[in-house]
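Look at the structure first, then read on.

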Amino acid sequence: MTGWRVRRPGPIDGGPLDFVREAVREPAAGELSVRVLACGVCRTDLHVAEGDLPVHRPGVVPGHEVVGEVVAQGPGSAGALGSSAPEFAVGDRVGIAWLRHTCGICRYCLRGAENLCPNSEYTGWDADGGYAEYATVPAAYAHRLPDGYSDMETAPLLCAGIIGYRALQRADVPRGGRLGIYGFGGSAHIAAQVALARGAEVHVMTRDRAARELAADLGAASVQGAADRPPVQLDSAILFAPVGELVLPALEALDRGGVLAIAGIHLSDIPALNYQRHLFQEREIRSVTANTRADAREFLALAGEHRIHVTTTGYSLGTADRALADLAHGRFTGAAVLIP
C-alpha cells in the first residue's frame, strides 16, 4: 500500500512527511483492517506534522477522520468489549475517529469520562491513521456511519463533527441562546448547523472572506471579522481557531454567566486577562479534551436524523502534503478530504 509518514516534524512547507510504499498490516486481536475510502484532513494532523503536538509514535501515519470498508478481522474483533460495542463484518462501511483506546478501569473511564483517561491513545498520533490506502482500528472504537452522505461528506463528521458537538456541549448553550463562533473551518461550520437546528442564534467571527460567506449562507445571524464585537452579548462562545489572542475578545463578548469553550487540542499563548473585563460576573473558560465514544454515537445519530451540509475540497492521497499546506495557509473553505 501507499501512504504518508511524519519523518521530520517541522513547518509544513519544509516537507515533514514522506510518501512511502509498504505491506498492508494484518489486524491484531480485536482489530479490523479497513480499506480507506476517504480521510479528512484535520488541523490536529497539521499540529502532528509540524511538531506542535509532541511525537507519540515516530514516523506515524496521520489521519483520524477515516471512512473505510472492513476487509479483514483480527481474532476476537466481533462484539469486542461486551454487547454495547458494535459488531462488524467484512464489507461493512465503518468510521475511524481520533479516540482509539482507553483503559476502561481508571476513575475517569468508570465515571463515563473516558476522554480524560490518562492511558488513552489516538489514531494518527499513537497509532497509524488514514493517510494511507489501508488502516486498522480496534473494533470497539470503530463507528457505524449515518446513511445519506457520500464518503467524502462523511469523513469530516468523524472529528470535525464530533469535536464540534462536544464543544457545543461544553459551551452549555441555553435553549434559544446566542452562540458566538470564532473561526469558521471544518469543525465550526458543522457545529454551527447543529446549534441552529437546536434553535440557537449563531454569530460568527472569522478573518476569511469565503468563510464569512459560507456562515451567512448557512444561516448565521451576523458575520464579522475574527476579533470584532458581535452585535449582541453572547450566552456562549466556542473558539475553534487555535489563536490564544482571540480568547480575550470572546470573553468580552459574553453576557453575565456566559461560557467560552476552547475546542482545539493546541492553542497559542493567551495574553494576560483582566479580571473585571474578562472573567467577572461568573463568565467561564472551559477546555475541550477529545471526546467519548458516547459523544461520537450521539452526534452520528443526530447527523442521520438532520441532514448536515458538509463543505469539502477533495485531494488525491498522493497530494496529502499539499492539502496540509493549503490548510495551514487558509486556501480552502470547509474541510479537505483525501481520496485514495
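## Helix crossing

Axes are lines fitted to C-alpha atoms, for helices over the stretch in contact, and angles run from 0 to 180 degrees between N-to-C directions. Helices (H or I, at least four residues) and strands (E, at least two) are DSSP runs, numbered from the N terminus. This is a predicted model: local features need pLDDT of at least 70, side-chain atom pairs count only at pLDDT 80 or more, and totals for chains, interfaces and linings use all residues. Residues are numbered from 1 along each chain as its sequence is written, and side-chain values use heavy atoms, with hydrogens and water left out.

The axes of α4 (residues 160-171) and α9 (residues 293-305) come within 9 Å. They cross at roughly 105 degrees. That makes α4 roughly perpendicular to α9 (65 to 115 degrees). In contact (heavy atoms within 4.5 Å) are Gly161, Ile162, Tyr165 and Arg166 of α4 with Asp295, Ala296, Glu298, Phe299 and Leu302 of α9.

## Six-stranded sheet

Six strands form an open sheet in the order β12-β11-β10-β13-β14-β15, with parallel pairing. Pairing takes at least two DSSP bridges between two strands. β12 (222-224) and β15 (284-287) stand at the edges with a single partner strand each, so one side of each has no neighbour in the sheet.

Strand β14 (residues 254-262) runs parallel to β15, joined by four bridges. Leu260 stands opposite Ile285 in β15.

## Strand β1

Five of the five residues of β1 (residues 2-6) are buried, so the strand is largely enclosed by the rest of the structure. Buried means under 20% relative accessible area, with a 1.4 Å probe and protein chains only. Thr2, Trp4 and Val6 lie on one side, Gly3 and Arg5 on the other.

β1 pairs with β2 (residues 17-21) in the antiparallel sense over five bridges. Val6 has Leu17 in β2 as its bridge partner.

Key:
Parallel < 35°, antiparallel > 145°, perpendicular 65-115°, else oblique. Buried < 20%, exposed > 50% of the residue type's maximum accessible area, 1.4 Å probe, protein only.
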